[in-house]
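Open the model in a viewer and keep the sequence panel beside it. The stops below say what to select and what to look for there.

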Amino acid sequence: MLKRLTFFLLLVMVAWGYEPLIQNISGRTTTSLNGAWNYIVDPYENGYYNYRYRPFDEAEDPSKSGGYFANQKPVNPWDRVEYDFDLSETLEVPGDWNSQREKLFYYEGTIWLKKSFDYNRVSVDNRVFVHFGAANYQTDVYLNGHKLGMHKGGFTPFNYEITNLLKEKDNFLIVKVDNKRKKDEVPTVNTDWWNFGGLTRDVQIVEVPETFIKDYFVQLGKDSKRTIAGYIQLDGVSKSNRKVELLIPELKLRKKLKTDELGRADLSIISKRIKYWSPDNPKLYDVIIKLGSEELHDQIGFRTIQTNGPDILLNGESIFLKGISIHEENPLRGGRAHSMEDARLLLGWAKELGCNYVRLAHYPHNENMVDLADEMGMLVWEENPVYWTISWENVQTYATAQQQLSEVISRDKNRASVIIWSMANETPVSDARMVFLKKLRDFTLKQDDTRLISAALEMHGEGEGGLTRKISDPFADYVDVLSFNQYIGWYDGLPEKCDKIKWAIDQDKPVIISEFGGGALQGLHGDSLTIWTEEFQKYLYRESIEMIQRIPQLRGATPWILVDFHSPRRVLPVIQDGWNRKGLIGSNGEKKQAFYVLQEYYKSLPNPSKNN
Ligand code: GCU
């Protein structure tokens, strides 16, 4: 079954024009295509299908088919062309369309975007790729009328080689982005966040040598404090039996390696001088990888992360994860967060809260967040958008889930801050769901066995009034860290109920409360039993913190959520108006009283010993 599935996955990826990711884009020769892109709103996908609903891609001569990707221009007075990108309005890239145009705020469908550009290669022997940080949700990419490929998934990077299609002048890159929610996609149709569509992250041209360092994994080996392990992967016609070097000057390390016939060189280097990366000391080393004249630099931290019974061990020392959940949204600007400035705002608030850890919910965030987390010493939970009622039986749905997980692992595997890969959030228990999640977990461990696996599991109540809570979810046996969302006092009774809860979690594993909390409109005041007031939320936080501390295996929490975020599910006039109000910070950037309750709790916790 697994062999058939793997073969199917490969077929699907090839059909989609899938290209393995280039590691460390920012360390290479890049040209940004960010800025104003012309766009055409196409709800009937008139630019993709003919009137018989056949894709123009399949036409004899697609360049004359009427497909918008052809960017046709009338030549003769009698030529009929019913679109014109250059006369169309523009959108800023990176950026979702919803927050840029009032008329697109609720839009779910296809929008075509076009960027024209000239390009002169630094060297005629070089190869050229186009790289997308992410685009939500399905993206069909064309350069100069030729289809490069199709990508699914709204939160992970993808790239295509364009070496043989590129011209010096007047290239036109046309992208069809379709953010329609669909039952068999990942996520499925129902979520509690805004479906921001578009080219939501950077678009760049990347120029590399004919044979180049495409990928590498450089981290401490699993459970090892002294062995830097991983691999270097080349790409190009002369990738086999090539000499490559890995240098870490500050550790006086210089390792000469030779690639095998597949262009890969495994590495394993012992060093007794490593200063371990940690929240108190986010030490990053300049790591240099060389192939001939190509020299690639990365800033990499080295640390170990393990569990031992109920303890989470960072560099061998037990640590408590003082966290907060975060959606990828800058409420002050509105829309998908994407920039380093957005990352500084969000992680700056988390730092002010007293956090050493963040849960990037419910999908992979932009690369600036994990790069900044590495710099700041913020531990990170990254999450695959396998959320709620996914189509567990659909093989293609699994392929999409695994492809997105492979992309975030590929992108962030060298980031010391990332300690947990989360498989799913609040998914209903079934046999099909167990098969799906176990396959994802096994796949993850094959890609990266140095980090911990978790998921927001199902919890259930027993005994009188269901007040005895335990984790009955069978997937609990397949994760390193037990996590669950609990809303006692909000969706389940009032805050006073917290005091009545008994915990019967019998697994000998660490527990992180991946969500708790409740809503409040910033600036709305009243007594502590009036819902939506800051006082109610403060009372709820006080009671929740008391309650979770009674869990003997408690080793962390990421309350829901740092800041209010847009959601179409939240329609209560005056109070919600399209915002989920569970933030500790309002959509106006102002803190609520509960912010200080959590901050006080985190301050009260013993600081882990300085050496981790
Ligand atoms: C759920 C879910 C979140 C959601 C939250 C809420 O636990 O994981 O995505 O936003 O509850 O109801 O606000």
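In which loop is the place of Lys252? Select the loop between strand 13 (243-248) and strand 14 (253-258), and Lys252 is there; helices (H or I, at least four residues) and strands (E, at least two) are DSSP runs, numbered from the N terminus. Lys252 is not a glycine, yet its phi is positive, about 55 degrees.

Before moving on, note that this is a predicted model, in which local features need pLDDT of at least 70 and side-chain atom pairs count only at pLDDT 80 or more, while totals for chains, interfaces and linings use all residues. Residues are numbered from 1 along each chain as its sequence is written, and side-chain values use heavy atoms, with hydrogens and water left out.

**Two cis peptide bonds**

Most residues other than glycine have a negative phi, and most peptide bonds are trans. Select Asn136 and Tyr137: the peptide bond from Asn136 to Tyr137 is cis, with omega near 15 degrees. Tyr137 sits in the loop between strand 5 (127-132) and strand 6 (138-143).

Next take Ala361 and His362, whose peptide bond is cis with omega near -25 degrees. The loop that holds His362 runs between strand 22 (357-360) and helix 3 (367-376).

**The ligand**

Of the 14 residues around the ligand, the nearest are Asp192, His362, Glu426, Tyr491 and Glu515; a residue counts as near if one of its heavy atoms lies within 4 Å of the molecule.

Now display polar contacts, meaning pairs of N or O atoms within 3.5 Å; within protein, one must be able to donate a hydrogen and the other to accept it, and residues adjacent in sequence count only if both atoms are side-chain atoms. Glu426 has a polar side-chain atom 2.5 Å from an oxygen atom of the ligand. For Tyr387, a side-chain N or O atom is 2.7 Å from a ligand oxygen. For Asn580, the corresponding distance to an oxygen atom of the ligand is 2.9 Å.

**Lys509**

Select Lys509, in the loop between strand 29 and strand 30 (511-515). Its C-alpha atom is separated by 4.2 Å from that of Pro310, although the two residues are 199 residues apart along the chain. Not counting residues up to four places away in sequence, Lys509 touches Gly309, Pro310, Ala476, Asp477, Tyr478, Val479, Asp480, Leu482 and Gln553, where contact means heavy atoms within 4.5 Å. Which backbone oxygen does the side chain of Lys509 reach at 2.7 Å? One is that of Ala476. The backbone oxygen of Val479 also lies 2.7 Å from a polar atom of the Lys509 side chain.

Strand 26 runs antiparallel to strand 27 (residues 468-470), joined by three bridges. Select Gly461 to find Arg469 of strand 27 opposite.

Then colour the six-stranded open sheet, which has the order 3-2-4-9-6-7 and antiparallel pairing. Strand 3 (90-93) and strand 7 (146-152) are the edge strands. Four bridges join strand 2 (residues 35-41) to strand 3, and Asn38 stands opposite Thr90 in strand 3.

**Helix 2 and helix 7**

Finish with helix 2 (residues 340-353) and helix 7 (residues 593-604), whose axes come within 8 Å and cross at roughly 60 degrees. Axes are lines fitted to C-alpha atoms, for helices over the stretch in contact, and angles run from 0 to 180 degrees between N-to-C directions. On the helix 2 side, select Trp349, Glu352 and Leu353; they meet Phe595, Leu598, Gln599 and Tyr602 in helix 7.

How values were computed:
Pairing = 2+ DSSP bridges.
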